[in-house]
Amino acid sequence: MNGGSLFSRGRVLGALLVSFALCAAACAGKQQDTTITVVSVDFTRDMEKLVDDFRRTHPHTRVKFEFLPESVLRNRLSTDIADEEGRYDVVSIGPWAAPIWASRGWLTRLDSLASRGDYDVQDFIPVVRTALSYRNGLYAVPYYGESSFLMYRKDLFAEAGLTMPERPTWQQVAELAAELDDPRHGIAGICLRGGPVWLDLLPLNTVILAFGGRWFDEHWNPRLTSPETKRAVQFYVDLVRSSGEPRASEAGPARCQATMRQGKAAMLYDSTSFAGRLEEPGHSKVVGKLGYAPAPVMRTDGSGWLWTWALAIPVTSKHPKAAWDFASWATSKRYLKLYGERLGWVGVPPGSRLSTYRLPAYRKAARAFLQPTLNALNTVNLTRPGLHEQPWTGTSYVGIPEYAGLGSRVAKEISAAIAGRQSVDEALAKAQLFANDVVEGGGYRD
């Protein structure tokens with residue numbers, strides 16, 4: 001990938017002007033009133049509830065928020081930044097976009113800014129910080145971070161006389177799900193994503209890696225029809241169809257979280273960040289009833305993913321100094337403490353800062369899932385999460401620009417197999433063709 005070839009001299013000049021503006025504004029003694037626009041994924045809207053604290057310390061900066069669904073956010077951002085519209089000053093991105101957009105010159109490098117004062121960039125959980133970096137430069141700061149683990153109903157396990165293994169395999173999970181599946185009482189054995197967009201593939205992709213499968217080999221040959229990948233996908237589809245939630249082919253992260261909160265599933269394999277919401281008193285029927293086990297394995301030592309929603313400053317920002325003031329506030333130790341004090345400790349954005357896990361109030365509120373979350377994050381392998389070497393960095397996605405489109409095309413086919421509209425073999429045959437088109441069109445092979 002050679003992102004630099006995509007940009008004009010105007011782009012380079014714009015980046016230099018942004019850097020100059022950051023320096024000039026930081027050195028200026030007087031700040032004019034400005035309005036910055038922050039666009040973020042819809043489930044981070046708690047920032048808006050706390051923004052009065054930011055305004056107290058930055059009275060000359062007003063903040064306009066836009067909160068959007070993930071798919072809408074991603075499409076809007078890539079268009080806005082690539083077309084140099086400069087609509088947004090702070091943007092929410094993940095670890096798939098951060099290094100790709102940084103390589104294209106779309107994002108402001110944050111190292112020097114993040115090293116000032118008491119911001120303490122070294123306090124970020126190392127694997128999360130690494131996922132948001134490109135060529136040793138930091139290009140986004142995490143609002144929260146996540147891996148994945150298996151959440152299960154301790155009460156239902158006890159009633160059935162079942163025990164969750166300390167390190168479960170996927171085969172054991174399937175056997176437990178079959179035992180606990182109780183459609184007569186509206187309880188699924190397990191809840192797993194099966195929706196038609198690429199983020200719905202996160203759990204399945206870890207299963208593929210655990211079974212020894214992969215999307216591409218080290219020479220960019222598609223491997224979606226390999227025996228290992230087929231075995232993993234067939235296992236996943238069979239598990240969801242036999243012991244999963246109703247209409248699993250429509251299930252995304254929000255739906256799976258709601259299913260578990262309502263007490264309608266015995267197990268859920270998904271994001272570690274779900275735990276705070278599932279343990280939220282007054283909003284969940286399973287508070288105090290959950291146990292947490294590591295991401296299930298088969299042929300690998302671990303299989304958790306790594307994701308984060310983070311704040312970045314596009315080079316097209318009209319107010320880069322004010323943008324950093326906001327981004328650093330919303331990802332600071334101060335913000336996390338304020339969140340706990342005003343909105344509740346159990347829901348504090350997890351997985352970003354090590355110091356969060358040392359706060360007594362948070363340790364008490366999050367005691368059920370605190371250590372399992374840290375264990376999951378600390379065992380993530382960004383460069384080789386499966387059995388094989390891979391020519392990209394990332395866990396449950398492929399770190400190439402085309403993956404958002406490719407992943408969604410593949411997800412639609414897998415979702416159709418879950419819905420029973422086609423076989424797994426048919427779905428993967430199409431997926432293999434999609435992947436081959438990407439390789440041929442992107443020039444990935446030598």
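Biologist: Is T272 buried or exposed?
Modeller: T272 is buried, because its relative accessibility is 2% and buried means under 20% relative accessible area, exposed over 50%, partly exposed in between (1.4 Å probe, protein chains only). Bear in mind this is a predicted model, where local features need pLDDT of at least 70, side-chain atom pairs count only at pLDDT 80 or more, and totals for chains, interfaces and linings use all residues. Residues are numbered from 1 along each chain as its sequence is written, and side-chain values use heavy atoms, with hydrogens and water left out.

Biologist: Where is T272 found?
Modeller: In the loop between β8 (267–271) and α12. Helices (H or I, at least four residues) and strands (E, at least two) are DSSP runs, numbered from the N terminus.

Biologist: And what is T272 in contact with?
Modeller: Leaving aside neighbours within four places in sequence, T272 is in contact with E146, S147, S148, F149, T373 and A376. Contact means heavy atoms within 4.5 Å.

Biologist: Switching to the core. Which residues touch the most other members of the largest nonpolar core?
Modeller: I93, W170, W215, M267 and F326, out of 150 residues in that core. A nonpolar core here is a set of buried Ala, Val, Leu, Ile, Met, Phe, Trp, Tyr and Cys residues joined through side-chain atoms within 4.5 Å.

Biologist: What does M267 contact?
Modeller: Beyond its neighbours within four places in sequence, the contacts of M267 include L150, Y152, F157, M164, I190 and M260.

Biologist: Where does L150 lie, and why is it called buried?
Modeller: L150 lies in strand β7 (residues 148–153). It is called buried because its relative accessible area is 0%. With neighbours within four places in sequence left aside, L150 is in contact with M267, L268, Y269 and P296, among others.

Biologist: OK, helices. How do α2 and α13 pack?
Modeller: Helix α2 (residues 46–57) and helix α13 (residues 320–330) pack at an angle of about 115°, with axes 11 Å apart. That makes α2 roughly perpendicular to α13. Axes are lines fitted to C-alpha atoms, for helices over the stretch in contact, and angles run from 0 to 180 degrees between N-to-C directions. Angles under 35 degrees count as roughly parallel, over 145 as roughly antiparallel, 65 to 115 as roughly perpendicular and the rest as oblique.

Biologist: Which residues meet there?
Modeller: M47, L50, V51, D53 and F54 of α2 meet D325, F326, W329 and A330 of α13. By class, that contact has 7 nonpolar, no polar and 2 charged residues. Ala, Val, Leu, Ile, Met, Phe, Trp, Tyr, Cys and Pro count as nonpolar, Asp, Glu, Lys and Arg as charged, and the others, Gly among them, as polar.

Biologist: What about α10 and α17, at what angle do they cross?
Modeller: Roughly 45°, and the axes of α10 (residues 227–243) and α17 (residues 403–418) come within 9 Å. The two helices are therefore oblique to each other. V233, Y236, V237, V240 and R241 of α10 make the contact with I414, A417 and I418 of α17.

Biologist: Last one: which residues of α14 are buried?
Modeller: Y335, L336, L338, Y339 and G340, and they pack against α2, β6 (141–146), α12 (274–278) and α13. L343 also lies in α14 (residues 333–343), but L343 counts as partly exposed because its relative accessibility is 32%.
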